[in-house]
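I opened my notebook and listed what to look up. Here are my entries, one topic at a time.

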Amino acid sequence: MGYVPAVPEHDQLSEDLVAAAIAIYGSHSGRRTLHAKGIWCAGTFTGTDEGRALCRAAHFDGPPTQALIRISNGSGNPESHDADREARGLAVKLRPEGGDETDMLATTNHVFPVRTPEEFLELLRLRAPDPETGQPDMEKLGAFLAAHPEAQPAIASTVGVEPPASFATIVYYSPHAFRYVNAAGDGTWIRFRWLPEAGEHRIPDDEARAKDRDYLFDELRARLDDGPVAFDLMLQIRPEGASLTDPTEVWPDEPALVHAGRLAINEVVDDPEHGGHIEVFDPTRVGDGIELSEDPVLQQRPKAYSVSAYRRLG
């Protein structure tokens, strides 16, 4: 039957989160609740000496690690135009030979918009369109955002920036903290991001809107025909006093970022989800040498993904 996600204890919050997202974007059979429109790729990850010094996880050591990759738009609408101002996602499943599988999820949001899953549920419900107007209640949504100024950095990095020219020319961030443990047992708290080797490039809204609805996907296929698309894995070391449990907090880039590895995306592959098999990218699926923080949003994500996954399986 293929991969079947673990069934968590009944978790009403996760069911409510999935239902709230469906109320915004509609129900689309066999599709993810969020990040519904995506493209599958295969590639490799190669760790650096700096990465191995911080983390003993198998994918930092030895030969290049095989990677299954999904790049996506953030919404739950599989028919969206790629010019829409929304988050983009880069999900990487690392499968080292003889080592533990690790999933790494990142989006173009610099941080998460809220501190807790309960606040996220409230925000999703406020974004649901009114059946008559097709728009959310902007007064209530505005009041929520005014009461949650910590949401502004996430909003600014989504609706406050122009559309990307390419999936290959934007930075992808993880808002969660992980503890990297090295061979000696020493731990370092980090956040990570993927920096594009091609540099950052966005285009004006009118130029993006004039392109085909799927221009980001078409552009990536054409770019890969000319060779791999690469990203550098950069580790942001936890600054003194920075929160490990608040995904809305912006960490300063001091001390300097550590170059821990390189992801090479080599080719587009067929969608592997068919015949009862699905692939779930879970940020809490980590191998030996990586530990989770107590960030409540991070801890809730696998439960919500499980609800969404069983919905996709029917």
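**Entry 1: a backbone angle**

Where is the place of His35? I found His35 in the loop between helix H1 (12-25) and strand E1 (38-47). I kept in mind that this is a predicted model. Next I looked up phi of His35, which is near 55 degrees. That is a positive value in a residue other than glycine. I noted the background too: most residues other than glycine have a negative phi.

**Entry 2: aromatic pairs**

How many aromatic pairs does the count come to? I got nine. I picked out Phe45 and Phe60, which form an edge-to-face pair. Their ring centres are 5.7 Å apart, with 80 degrees between the planes. Phe45 lies in strand E1, and Phe60 lies in the loop between helix H2 (49-54) and strand E2 (65-73), so the pair ties together parts 15 residues apart in sequence. Both Phe45 and Phe60 are buried.

Then I turned to Phe45 and Trp194. Their ring centres are 6.2 Å apart and their planes are at 85 degrees, so I wrote down edge-to-face again. Planes over 60 degrees apart count as edge-to-face. Trp194 lies in strand E7 (residues 187-196) and Phe45 in strand E1, so this pair ties together parts 149 residues apart in sequence.

Are Phe45 and Trp194 buried or exposed? Phe45 has a relative accessible area of 0%, so I marked Phe45 as buried. Trp194 is also at 0%, so Trp194 counts as buried. The cut-off for buried is under 20%.

I also listed one aromatic cluster: Phe45, Phe60, Phe178, Tyr180, Phe192 and Trp194.

**Entry 3: a charge over a ring**

Which ring does the charged end of Lys93 sit over? I found the ring of Phe281, with the charged end 5.0 Å from the ring centre.

**Entry 4: cavities**

I counted two cavities of 30 Å³ or more. E4 gives the most, with four residues. By class, I noted eight nonpolar, three polar and one charged in the lining of the largest cavity.

The second largest cavity has a volume of about 60 Å³. Among the residues that line it are Asp84, Arg85, Glu86 and Arg202. Which classes make up its lining? I wrote down three nonpolar, three polar and six charged.

How values were computed. Residues are numbered from 1 along each chain as its sequence is written. This is a predicted model: local features need pLDDT of at least 70, side-chain atom pairs count only at pLDDT 80 or more; totals for chains, interfaces and linings use all residues. Side-chain values use heavy atoms; hydrogens and water are left out. On a 1 Å grid over the protein atoms alone, a cavity is a set of points where a 1.4 Å probe fits but cannot get out, and a pocket is an open set with protein on both sides within 12 Å along at least five of seven lines; lining residues have an atom within 4 Å of a point. Grid points are joined across faces, edges and corners, and a volume is the space filled by probe spheres set on the points. Helices (H or I, at least four residues) and strands (E, at least two) are DSSP runs, numbered from the N terminus. Ala, Val, Leu, Ile, Met, Phe, Trp, Tyr, Cys and Pro count as nonpolar, Asp, Glu, Lys and Arg as charged, and the others, Gly among them, as polar. Rings of Phe, Tyr and Trp (its six-membered ring) pair if their centres lie within 6.5 Å; planes under 30 degrees apart count as stacked, over 60 as edge-to-face and the rest as tilted. Buried means under 20% relative accessible area, exposed over 50%, partly exposed in between (1.4 Å probe, protein chains only). A charge sits over a ring if NZ of Lys or CZ of Arg is within 6 Å of the ring centre and within 35 degrees of the ring normal.
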